Amino acid sequence: MSREAVDNFEEDGDVNSVKVASKINISERQRQTLIEVVDDIAGEEVRKVTLVLLNADQETTDEEISEKLDMRLNQVRKSLYKLYDLQLATFRRIRDKSTGWFVYFWTLHPERIDVFVDRKQHEVMEKLQERLTYEEENMFFTCNNPECPRVTFQEAMDNNFECEHCAGRLESFDNEQLKQVLGEKITEMKEIRDKTRKIMNGEK
Ligand SMILES: [Zn+2]
């Protein structure tokens, strides 16, 4: 059975004889990225759990990880579900015939880090684009008090051009500089994305 076919598959069986090999070849670059990303967004404990899975050559249960790391089972499970949410790990559960309990067999998918990074970069780009469009499509007003928020033309009109917070007079706000900064960030992000894709495709 292929690894894809057994993703989150459920079956009854003898839990001691059903482990599937889970070694996936990844590049050193992918390995580094995976560890950095996991550490960065999920923290130290998830990184430790990731390393155990990364070094395993077959599926691993939460109890095995707990023993290996001397980490509380609850903490291990939390970490595993975090990896699952990030789509970097999958599990298969088997009902142990002798105890009736479910046993979870976890597999890491380190190769998915490329898709993950690409998706994250795409999200950042989209947010920047949305923000730029918002800046381009609106006129803004401010009372020039740094503690008060900027308002749109519509909001300013609704309040007779008086600040809701300090009652100061609202004047037009020039967002040219902000738009320029956003434009630069978008260009920069595009370049990072192109570069990342080239590295992922094995180009230099
Ligand atoms: Zn104000």
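Reader: How far apart do the C-alpha centres of domain 1 and domain 2 lie?

Author: Domain bounds come from an automatic or database domain assignment. Here the two C-alpha centres lie 41 Å apart. The assignment gives domain 1 as 4-108 and domain 2 as 116-200. This is a predicted model: local features need pLDDT of at least 70, side-chain atom pairs count only at pLDDT 80 or more, and totals for chains, interfaces and linings use all residues. Residues are numbered from 1 along each chain as its sequence is written.

Reader: Is the protein chain spread out or compact?

Author: Start with the elements. Helices (H or I, at least four residues) and strands (E, at least two) are DSSP runs, numbered from the N terminus. The protein chain has 7 helices and 7 strands. Their order from the N terminus is β-α-α-β-α-α-β-β-α-β-β-α-β-α. Now the radius of gyration, which is taken over C-alpha atoms; the globule rule is 2.2 Å times the number of residues to the power 0.38. For the 204 residues of the protein chain the rule gives 17 Å, but the radius is 25 Å, well over that, so the chain is more spread out than a compact globule. Along its principal axes, the C-alpha trace spans about 75 × 45 × 30 Å.

Reader: What share of the residues is buried?

Author: Count C-beta atoms, placed from the backbone: a residue is buried if 20 or more others lie within 10 Å of its own, exposed if 12 or fewer, and partly exposed in between. In the protein chain, buried residues make up 18% of the 204.

Reader: How many of the contacts join residues at least 24 apart?

Author: Two residues are in contact if their C-beta atoms, placed from the backbone, lie within 7 Å. Take the contacts between residues at least 6 apart in sequence: 62% of them join residues at least 24 apart.

Reader: Where is Val37, and what does it touch?

Author: Val37 sits in helix H1. It is partly exposed, with 18 other C-beta atoms within 10 Å. Leaving out residues up to four places away in sequence, Val37 touches Ile113, Phe116 and Val117. Val37 and Arg47 are 10 residues apart in sequence and 9.0 Å apart in space, C-alpha to C-alpha.

Reader: Which residues of H4 are buried?

Author: Val76, Ser79, Leu80 and Leu83 are buried in H4. Seen down the helix axis, they fall within an arc of 100°, so they line one face of H4. Their cover includes H2, helix H3 (62-69), S3 and S4. The face turned away from the buried side carries exposed Asn74 and Asp85. H4 itself spans residues 73-85; its 13 residues reach 18 Å, close to the 18 Å expected. Gln87 follows H4, with a positive phi near 65°.

Reader: Do S3 and S4 run parallel or antiparallel?

Author: Two strands pair if DSSP finds at least two bridges between them. S3 (residues 89-96) and S4 (residues 102-108) run antiparallel, joined by 7 bridges.

Reader: Where does a residue other than glycine take a positive phi?

Author: Asn144 is one case, with phi near 70°. It lies in the loop between strand S5 (140-142) and strand S6 (151-152). Asn144 counts as exposed, having 12 C-beta neighbours inside 10 Å. Asn160 is another case, with phi near 50°. Its loop runs between helix H6 (153-158) and strand S7 (171-173). Asn160 is exposed, with 8 other C-beta atoms within 10 Å.

How values were computed. Expected span 1.5 Å × (residues − 1). Arc of directions from axis to C-beta.
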